[in-house]
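This report describes a predicted model. It takes up aromatic contacts, salt bridges, a strand pairing and a pocket in turn.

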Amino acid sequence: MAEELPDLRTVADYQFGAGAGTALFPPEEDPRLQRSSGGRPRQVIVESGRVVSYGTDGRFTLGVAGGRRLHAAFDPPTGRVAVGDESVPFVRDGRNAMAKFVRAVNPGVRPGDEVLVVDPADTLLGVGRAELAAEGMRDFETGVAVKLREGVGE
């Protein structure tokens, strides 16, 4: 696993921004790597849970453990979609974040990006895939803004 970490860090830096690779895969940690039957990396797991899954498209999908690491590493609004208080219990339980309730969003968010969903106080609620561009999240009154993959739970 140790020989693959530099490559995984490079992918993370490219996808999430400089410093994400070290945040997701710290040098002092030895995560467990689950592989496909062909030997390709599939998931990176640590004691606190799944950090990321590595898709066949060469992009990561975040787990809550990975979301927590990125949340701690980057200041707002980097990689974040903030929803209003009325959405907090639903998103925390893993339900999608609706455009109507988006209060703030990183202007660089594009459809398909992996994002952190937070409350107005920047508390992590879940991780998922942006379904709309940042401008659409702010402007639309209907539709899914972020398809939640996993909520943080209670």
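## Aromatic cluster

Phe 25 has a relative accessible area of 1% and is therefore buried, since the cut-off for that class is under 20%. Phe 60 is likewise counted as buried, at 1% relative accessibility. Tyr 54 and Phe 60 make a tilted aromatic pair, with 5.1 Å from centre to centre and 40° between the planes.

A search of the whole structure gives two aromatic pairs. Phe 25 and Phe 60 form a tilted pair, with the centres 5.8 Å apart and the planes at 55°. Because Phe 25 sits in the loop between helix 2 and strand 1 while Phe 60 belongs to strand 4 (residues 60-62), this pair ties together parts that are 35 residues apart in sequence. Phe 25, Tyr 54 and Phe 60 together make up one aromatic cluster.

## Salt bridges

The count of salt bridges in the model comes to eight. One of them joins the side chains of Glu 29 and Arg 69, at 2.8 Å from N to O. This pair links distant parts of the chain, 40 residues apart, with Glu 29 in the loop between helix 2 (20-24) and strand 1 (32-35) and Arg 69 in helix 3 (residues 64-73).

Since Glu 114 lies in strand 8 and Arg 149 in strand 10 (residues 144-151), the pair ties together parts that are 35 residues apart in sequence. Glu 114 counts as buried at 9% relative accessibility, while Arg 149 counts as partly exposed at 32%. In the salt bridge between Arg 129 and Glu 131, the closest N and O atoms are 2.7 Å apart; here Arg 129 is partly exposed, with a relative accessible area of 29%, and Glu 131 is partly exposed as well, with a value of 32%.

## Strand pairing and hairpin

Strand 1 and strand 2 (residues 41-46) run antiparallel and are joined by four bridges. Within this pairing, Leu 33 stands opposite Val 44 in strand 2. The two strands form a hairpin with five residues between them, and in the turn Gly 39 has a positive phi of about 95°.

## Largest pocket

The largest pocket has a volume of about 360 Å³. Its lining is made up of 20 residues, and those that lie nearest the centre of the pocket are Gln 15, Phe 16, Gly 79, Asp 113 and Glu 114. Helix 1 (5-16) and strand 8 (114-118) are the elements that give two or more residues to this lining, and the largest share, four residues, comes from helix 1.

By class, the lining contains nine nonpolar, six polar and five charged residues.

Technical notes:
Residues are numbered from 1 along each chain as its sequence is written. This is a predicted model: local features need pLDDT of at least 70, side-chain atom pairs count only at pLDDT 80 or more; totals for chains, interfaces and linings use all residues. Side-chain values use heavy atoms; hydrogens and water are left out. On a 1 Å grid over the protein atoms alone, a cavity is a set of points where a 1.4 Å probe fits but cannot get out, and a pocket is an open set with protein on both sides within 12 Å along at least five of seven lines; lining residues have an atom within 4 Å of a point. Grid points are joined across faces, edges and corners, and a volume is the space filled by probe spheres set on the points. Ala, Val, Leu, Ile, Met, Phe, Trp, Tyr, Cys and Pro count as nonpolar, Asp, Glu, Lys and Arg as charged, and the others, Gly among them, as polar. A salt bridge is a side-chain nitrogen of Lys or Arg within 4 Å of a carboxyl oxygen of Asp or Glu. Buried means under 20% relative accessible area, exposed over 50%, partly exposed in between (1.4 Å probe, protein chains only). Two strands pair if DSSP finds at least two bridges between them. Rings of Phe, Tyr and Trp (its six-membered ring) pair if their centres lie within 6.5 Å; planes under 30 degrees apart count as stacked, over 60 as edge-to-face and the rest as tilted.
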